[in-house]
Amino acid sequence: KMATSSVFVFLSLAFLVSGARLNERNHKADKLTTKFSAESPLPVVIWHGMGDSCCNPLSMGSIKSLIERQVKGVYVRSLEIGNNIVEDTENGFLMNVNDQITMACNKIGNDSKLAGGYNAIGFSQGGQFLRAVAQRCPSPAMVNLISVGGQHQGVYGFPKCPGDNSTLCEMVRKLLNYGAYVSFVQNILVQAEYWQDPLNLDEYHKKSVFLADINQERTVNPAYKANLLKLKNLVLVKFLQDTMVEPRESEWFGFYAPGQDKIILNMNDTALYKEDRLGLKELQSSGRLHFLSSNTDHLQFTEEWFINNVINVFLK
């Protein structure tokens, strides 16, 4: 158990260095956006990644300022999960994700400036966390969701695995798998809660307390799909040189084919898409699912790229 715990701590540290009805929904989203455009810009909620905090001047603080400079008069709420920056950072590793989602929903719901709706941007794991907010807490309305490097099919790999030693990487994977679905680990270690083992899917489906739920892999909650389909746009950003997220295709809802860890399926070939359990197929067919990429490593993008691809297109 001590060895397993050490491996998980090491993993965390490594991450540090993540029809008519359709027309009616679009009409409502357009009306909401038009209302804010005429009065003031639609507010923006951002959620940081692992090892970061709401207000780091070099990361989320910089992003917040950039949005405020580019969208005059916009209100930007950077979510703090906890009572202070220290707690916020620690909770990115050691707070049950479901509790984090509940806290985020409460913060958003209690912020009067967000009552009329908002756009959301999640960075790394903040991407899948904000998707959970959209699925579980539809009020106030999330209009556009932009996931920047989020791992929507989870991860199955050792981030920043040293060198090209595939044997070492596989050994680490097996050790992680040994403890990833142990109850106490699932309840406290954030990264274990979106760890998907393609070689052991039955246990993943049964014991994953977060990812298997929001991806409708244990039971299907019709409200999850209905709520996600209320989005005007779902935007997925993939980092083409990502060395932290494995597989990086998870950022576009791709993942390993079941039963092995070599062949990777694109989103359209996954059961999640084909069965349309989340509404991804409907979002795509209606032109509301967008795939963006940056030919860089994880969360490495320029202000110019962010302005041209995100702010000017989805926040104005």
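Is Phe-253 buried or exposed? Phe-253 is buried, with a relative accessible area of 0%, where buried means under 20%, exposed over 50% and partly exposed in between, computed with a 1.4 Å probe on protein chains only. The structure is a predicted model, in which local features need pLDDT of at least 70 and side-chain atom pairs count only at pLDDT 80 or more, while totals for chains, interfaces and linings use all residues. Residues are numbered from 1 along each chain as its sequence is written, and side-chain values use heavy atoms, with hydrogens and water left out.

**Packing of helix 3 and helix 14**

- Helix 3 (residues 60-70) packs with helix 14 (residues 303-315) at an angle of about 55°, and their axes are 11 Å apart.
- Helices (H or I, at least four residues) and strands (E, at least two) are DSSP runs, numbered from the N terminus.
- Axes are lines fitted to C-alpha atoms, for helices over the stretch in contact, and angles run from 0 to 180 degrees between N-to-C directions.
- Helix 3 and helix 14 are therefore oblique to each other; angles under 35 degrees count as roughly parallel, over 145 as roughly antiparallel, 65 to 115 as roughly perpendicular and the rest as oblique.
- On the helix 3 side, Ile-63, Leu-66, Ile-67, Arg-69 and Gln-70 meet Glu-303, Phe-306, Ile-307, Ile-311 and Leu-315 of helix 14, contact meaning heavy atoms within 4.5 Å.
- Sorted by class, the contact of helix 3 with helix 14 has seven nonpolar, one polar and two charged residues.
- In this scheme Ala, Val, Leu, Ile, Met, Phe, Trp, Tyr, Cys and Pro count as nonpolar, Asp, Glu, Lys and Arg as charged, and the others, Gly among them, as polar.

**Ile-67 in helix 3**

- Ile-67 belongs to helix 3 and is buried, with a relative accessible area of 0%.
- Leaving aside neighbours within four places in sequence, Ile-67 is in contact with Val-44, Ile-46, Val-74, Val-76, Ile-121, Phe-306, Ile-311 and Leu-315.
- A separation of 9.5 Å lies between the C-alpha atoms of Ile-67 and Phe-306, which are 239 residues apart along the chain.

**Packing of helix 5 and helix 6**

- Helix 5 and helix 6 (residues 125-136) pack at an angle of about 65°, and their axes lie 10 Å apart.
- The crossing of helix 5 with helix 6 is right-handed.
- Val-97, Asn-98, Gln-100, Ile-101, Ala-104, Cys-105 and Ile-108 of helix 5 meet Phe-129, Ala-132, Val-133 and Arg-136 of helix 6.
- By class, eight nonpolar, two polar and one charged residues form the contact of helix 5 with helix 6.

- Ile-108 is part of helix 5 (residues 97-109) and counts as buried at 3% relative accessibility.
- Not counting residues up to four places away in sequence, Ile-108 touches Val-45, Leu-79, Leu-114, Tyr-118, Val-133 and Pro-140.
- Pro-140 is found in the loop between helix 6 and strand 4 (142-148), and a cis peptide bond with omega of about 0° joins Ser-139 and Pro-140.

**Backbone features in other loops**

- The peptide bond from Glu-246 to Pro-247 is cis, with omega near 0°.
- Pro-247 is located in the loop between strand 5 (233-239) and strand 6 (255-256).
- Phe-253 also lies in the loop between strand 5 and strand 6 and, although not a glycine, has a positive phi of about 65°.
- Ser-124, in the loop between strand 3 (118-123) and helix 6, has a positive phi of about 55° although it is not a glycine.
- Ser-124 is buried, with a relative accessible area of 0%.

- At the start of helix 4, a side-chain oxygen of Asn-84 reaches to within 3.2 Å of the backbone nitrogen of Val-86.
- The buried residues of helix 4 (residues 85-94) are Asp-88, Asn-91, Gly-92 and Phe-93.
- Asp-276 lies in the loop between helix 12 (271-274) and helix 13 (280-285) and counts as buried at 10% relative accessibility.
- A polar atom of the Asp-276 side chain lies 3.3 Å from the backbone nitrogen of Gly-279.

Conventions: Polar contact = N/O pair within 3.5 Å; in protein donor to acceptor, adjacent residues only side chain to side chain. Left-handed = near helix turned anticlockwise from the far one by under 90°.
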